[in-house]
Amino acid sequence: MPLPARMGRFNRHVTNRLTRPLAGWLPGFAILTHKGRRSGRTYRIPINAFRDGTGYVFALTYGAETDWVRNVLAAGGAEIENRGRHIRLTNPRIVTDTAKHWAPLPVRLALRLFGVPQIMRLTRVPAGRAADVAGGQPAPPAAS
């Protein structure tokens with residue numbers, strides 16, 4: 001069960017404003033940049049981000065129906081700023097993950113305590129191909 005919407009509103013208006021200046025540099029955090037699916041407006045939100053294999057994982061602590069999740073799914077990707085680097089992500093998918101092996105132990109325990117089963121996985125676009133990605137759609141495969 002995701003966290004209550006009341007807590008999400010508090011975080012959006014208070015916690016996000018406090019963490020945004022540091023989130024692009026702190027371990028376990030990133031700034032997620034995404035476009036509004038209806039407005040076309042660009043949003044930048046601080047978020048917990050965890051590297052896992054060839055991509056990143058985001059715990060859906062407020063569920064899969066939040067605006068940022070729906071915007072990233074509609075666009076087919078997003079960008080994060082992580083430790084000062086801009087990283088293009090594509091192929092968003094919602095997954096139910098009860099094991100949470102990708103998360104550090106304290107995060108894993110907190111997610112289990114709050115009953116957060118869903119995550120969003122995104123695939124990292126290789127640095128040389130990031131410029132080839134438009135609107136979150138992968139570039140055609142390179143010729144061999």
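The model is a predicted one. The protein contains three helices and seven strands, and their order along the sequence is α-β-β-β-β-α-β-β-α-β. Of its 144 residues, 38% count as buried.

**Overall features**

- Among the contacts with a separation of 6 or more, 60% are made by residues 24 or more positions apart.
- The protein has an accessible surface of about 8600 Å². Carbon and sulfur atoms hold 59% of that surface.

**The sheet**

- The seven strands form an open sheet, in which the order is E2-E1-E5-E6-E7-E4-E3 and the pairing is antiparallel.
- Strands E2 and E3 are the edge strands, each of them pairing on one side only.
- On average, neighbouring strands of this sheet are turned by 35 degrees against each other, with direction ignored.
- Strand E7 pairs with E4 in the antiparallel sense over five bridges. Within this part of the sheet, Phe58 stands opposite Met120 in E7, and Ala59 has Ile119 in E7 as its bridge partner.
- Strand E7 also pairs with E6, again in the antiparallel sense, over six bridges. Here Leu89 stands opposite Arg124 in E7.
- As a general point, side chains in a regular strand alternate between the two faces of the sheet.

**Helix H2 against the sheet**

- Helix H2 spans residues 67–75, and its buried residues are Trp68, Val69, Asn71 and Val72. These residues lie on the same side of H2, because they cover an arc of only 165 degrees around the axis.
- The strands against which the buried residues of H2 pack are E1 (29–35), E2 (42–48), E4 (55–59), E5 (77–82), E6 (85–96) and E7 (118–124).
- Helix H2 lies across E1, E2, E4, E5, E6 and E7, and it runs at about 60 degrees to E1.
- Just after H2, Gly76 adopts a positive phi of about 80 degrees.

**Aromatic pairs**

- A search of the whole structure finds two aromatic pairs. In general, such a pair is described by the distance of the ring centres and the angle of the planes.
- Phe50 belongs to strand E3 (residues 50–52), while Trp102 belongs to the loop between E6 and helix H3 (105–113). The pair therefore ties together parts that are 52 residues apart in sequence.
- Phe50 counts as buried because its relative accessibility is 10%, under the cut-off of 20%. Trp102 likewise counts as buried, at 10% relative accessibility.
- The other pair consists of Phe58 and Trp68, with ring centres 6.2 Å apart and planes at 70 degrees, so it is edge-to-face.
- Phe58 is in strand E4 and Trp68 is in helix H2, so this pair ties together parts that are 10 residues apart in sequence.
- Phe58 counts as buried at 0% relative accessibility. Trp68 is also buried, with a relative accessible area of 15%.

**Met120 and its surroundings**

- Met120 is located in strand E7. Its relative accessible area is 0%, so Met120 is buried.
- When neighbours within four places in sequence are left aside, the residues in contact with Met120 include Tyr56, Val57, Phe58 and Leu60.
- The C-alpha atoms of Met120 and Thr96 are 8.8 Å apart in space, and the two residues are 24 residues apart in sequence.

Technical notes:
Residues are numbered from 1 along each chain as its sequence is written. Side-chain values use heavy atoms; hydrogens and water are left out. Buried means under 20% relative accessible area, exposed over 50%, partly exposed in between (1.4 Å probe, protein chains only). Helices (H or I, at least four residues) and strands (E, at least two) are DSSP runs, numbered from the N terminus. The arc is that of the directions from the helix axis to the C-beta atoms. Contact means heavy atoms within 4.5 Å. Rings of Phe, Tyr and Trp (its six-membered ring) pair if their centres lie within 6.5 Å; planes under 30 degrees apart count as stacked, over 60 as edge-to-face and the rest as tilted. Accessible areas come from the Shrake-Rupley method with a 1.4 Å probe; for residues, only the protein chains shown count as cover. Two strands pair if DSSP finds at least two bridges between them. Axes are lines fitted to C-alpha atoms, for helices over the stretch in contact, and angles run from 0 to 180 degrees between N-to-C directions.
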